[in-house]
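Subject: Structure for your review

Dear colleague,

Please find below the structure that I am handing over to you.

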Amino acid sequence: MNRKINKVAVIGSGVMGSGIACHFANIGIEVLLLDIAPSELNENEKKLGLSLDNKKVKNRIVNEMFQRCIKSKPAPLYHKNFAKRIALGNLSDDINKISEVDWIIEVVTEKLRIKQIVFEQIEKFRKKGTLVTSNTSGIPIKQMNEGRSEDFRNHFAVTHFFNPPRYLKLFEIIPGPDCKNEIIAFLNDFGERFLGKVSVLAKDTPGFIGNRIGIFGMVNILNIVKKLDLSVEEVDRLTGPIIGSPKSATFRTSDVVGLDTTVNVANGIYENCLDDEFRDTFKIPEYVNKMVENNWLGSKTNGGFYKRIKDENGKSTILSLNLNTLEYSASKKVTFETIGKAKKISKTIERFPVLIKGDDKAGEFYRYNFGSMFAYIQNRIPEISDELYRVDDALRAGFGWENGPFQIWDSIGIKQGVELMQSIGHNPANWILEMIENNINKFYVVKKGITNYYDIKTKNYIPKPGQESFIILKNIHENKKIWENTDSIITDLDDGIINLEFRSKMNTMGDGIIQGINKALDIAEKDFKGLVIGNEGAHFSAGANLGAIFMMAAEQEYDEINMAIKVFQDSMMRLRYSSIPTIAAPHGLTLGGGCELTMHCDKAIVYAETYMGLVEVGAGLIPGGGVCKEMTLRASEKFSKNDVEVNVLQEYFLNIGMAKTSTSACEAFDIGVLNLNKDSVIMNKNHQISIAKKHAVLLSESGYLPPIREKNIKVLGKQALGMFLVGTDSMQAGKFISQHDQKIANKLAYIMAGGDLSESTLVNEQYLLDLEREAFLSLCSERKTLERIQYILKTGKPLRN
């Protein structure tokens, strides 16, 4: 059945319900968001003389919850206009409208009786064949299904989103006992392809996969922290980026999520997993119960494991909780010798063998923590999943781990992992012992670019499903590498397409990447049909290598800076006018030079979670890779008799001058760095390189010809320059910008106006590139610029001076 989803109903408008509704709106689907009508009037409604039958009163709950959601940070919507795709209503008046939808998602409170009442109502109005799913995090499907029709049961499953639904990629699918296989397959594909999720099929067990393992990791730490005499700061230092987890690590994450949430999930697992060999680990320690009793739940109660206070001058200080005394004191910076050694290893996955060998408290913590985790996950196969890779997928997508627990065990070695768990009193499972007896020391192997996992049923390696739809660059480097240097690598993607991958820190663009761009173009133009520029890092590119610019500017090597900028501009123009199609695949941070590169390619296949912008003014500079020229060109293409031309140009000028950065790929069209006529947004990062490759093939096979060089770009001269200079002068006089900001803005204005020409004139691209390079070079000689760059290099934050 070729099932289509055009409209979705979400029942329950709380944090999760509204968040799920927003994410369906993000992908272009109409949403009906419903909640209960109030049972009594509030004070304001009483003053206005309203009754419970008033529509405004009946929709009060859904309106308030939805407004709270769309105002929250980080934003749940890709674009503020997408809120129009969501219609609000109440269950008393609007439940009949679910007959018009293709999928109904229940997100009401976690009480079985309430869910059963909701399903009874849904049954009355849903049309036959409509999907019905629940976002429950633990109520057994058999109980929720009770009393429902065969058609309802055939189309019923749990679809468990993680909060916030836009950002966390885990989408657990738990089919009901009577759910059709075709429905499971549909949900799996829809989650991956349309919602941009990692779909993970799980069994109907408490906590499913993500929470069962993730909460175990949390409560295990809560229970051992005192035993190992570790502070809150020390644990967060040990469990953050050094092991590939988010910066919020353990206790800061708890403060964000809410300690009560962790406690509730842990209690649920304790009460329902009577045969779990680690059941006692899920018992909440007394100090945590005391925190809950004191309402120290985290950010939502202004205090948890950390607390932010302000002094009389408004200066903020972060306090941390002493777990022994339950008193707050100033947060302290902590260091460990073991972490110092591990930080020298760039790849996170290669750090674990070093971490577990540490002689300090850090080493002791890692041995206990990973030994416990390995002992726990080995016995969850096949209880919660028949396939071990699903555990890794769930932890990476739901908890932000860079590597899943079986992957971490792999990095240490299966035998070594067993020794670790035995050292703290745990025994290996039989299937682990069988692997060792058969000299199998890996859970995963890569064969011909395909990841295979060990299957405990067949006792063989099996290809991980779904890989046929995407390209994993790290799996093909060994056999498909064409060329590499320290900062970039060129790989053959087959079908006549090559990929250029950045691999510098934060993929910042320096000499090595510029060399890689030109080498990739040389190779592609000679022997291939197209070029993709994409990578599997956390970010596409954080911009130019400011460290190199700072060194040259500090040494007053202005000829070298001029040459570097000329080479950068020429490289961007090569991308624009190459004889083969060039496709950029931006994701994550795509700032400065990364944004400039994207704008000069024939097409961009943009991951939805891409944060693009031209942020150079924060470093005391202007964009130097041709984008001042490009934004002027894009503005001139919009000039028409119906618009005031200088107003059109001003929009593009402000986008650079105010360093506007999109909070999604969709917003990037608004600020002019993406082009609706050629660039496309995709939902799933895993498919990005594969889709970009397909577009390169299509362009080539369609008879690709490079664009004709632009020779007639309309610039407005003094008409625009005068207006912009008056504006910057007013801004500086009002102290909205500094004098150095004004100097930067004036130089940008000079470029985009085409100089101080007496009238509108047609110029070519090189004319604007030369103006851009001259302005960039002059700003490099400014002391204030050097101060800004130095501050950014030291703190990672912009300085306004």
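**Overall form**

For 801 residues, a compact globule would have a radius of gyration near 28 Å, and the protein chain agrees with this at 29 Å (taken over C-alpha atoms, the globule rule being 2.2 Å times the number of residues to the power 0.38). Please note that this is a predicted model, in which local features need pLDDT of at least 70 and side-chain atom pairs count only at pLDDT 80 or more, while totals for chains, interfaces and linings use all residues. Residues are numbered from 1 along each chain as its sequence is written, and side-chain values use heavy atoms, with hydrogens and water left out.

The C-alpha trace spans about 80 × 75 × 65 Å along its principal axes. The protein chain contains 33 helices and 25 strands (DSSP runs numbered from the N terminus: H or I of at least four residues for helices, E of at least two for strands). Of its 801 residues, 54% count as buried (under 20% relative accessible area, with exposed over 50% and partly exposed in between; 1.4 Å probe, protein chains only). Among contacts (heavy atoms within 4.5 Å) with a separation of 6 or more, 70% are between residues 24 or more positions apart.

**Ser320**

Ser320 belongs to strand β10, residues 316–322. Its relative accessible area is 3%, so Ser320 is buried. The side chains of Ser320 and Glu233 are joined by a polar contact of 2.6 Å (a pair of N or O atoms within 3.5 Å; within protein, one must be able to donate a hydrogen and the other to accept it, and residues adjacent in sequence count only if both atoms are side-chain atoms). Beyond its neighbours within four places in sequence, Ser320 is in contact with residues including Phe305, Tyr306 and Tyr328.

**Backbone features**

Most residues other than glycine have a negative phi, and most peptide bonds are trans. The bond joining Asn163 and Pro164 is cis, with omega about 0°; Pro164 sits in the loop between β6 and β7. A cis bond also runs from Ile381 to Pro382, with omega near 10°, and Pro382 is in the loop between α16 and α17.

Asn295, in the loop between α13 and β9, has a positive phi of about 65° and is partly exposed at 42%. Asn507 has a positive phi near 55° and lies in the loop between β17 and α22. With a relative accessible area of 6%, Asn507 is buried.

Yours sincerely
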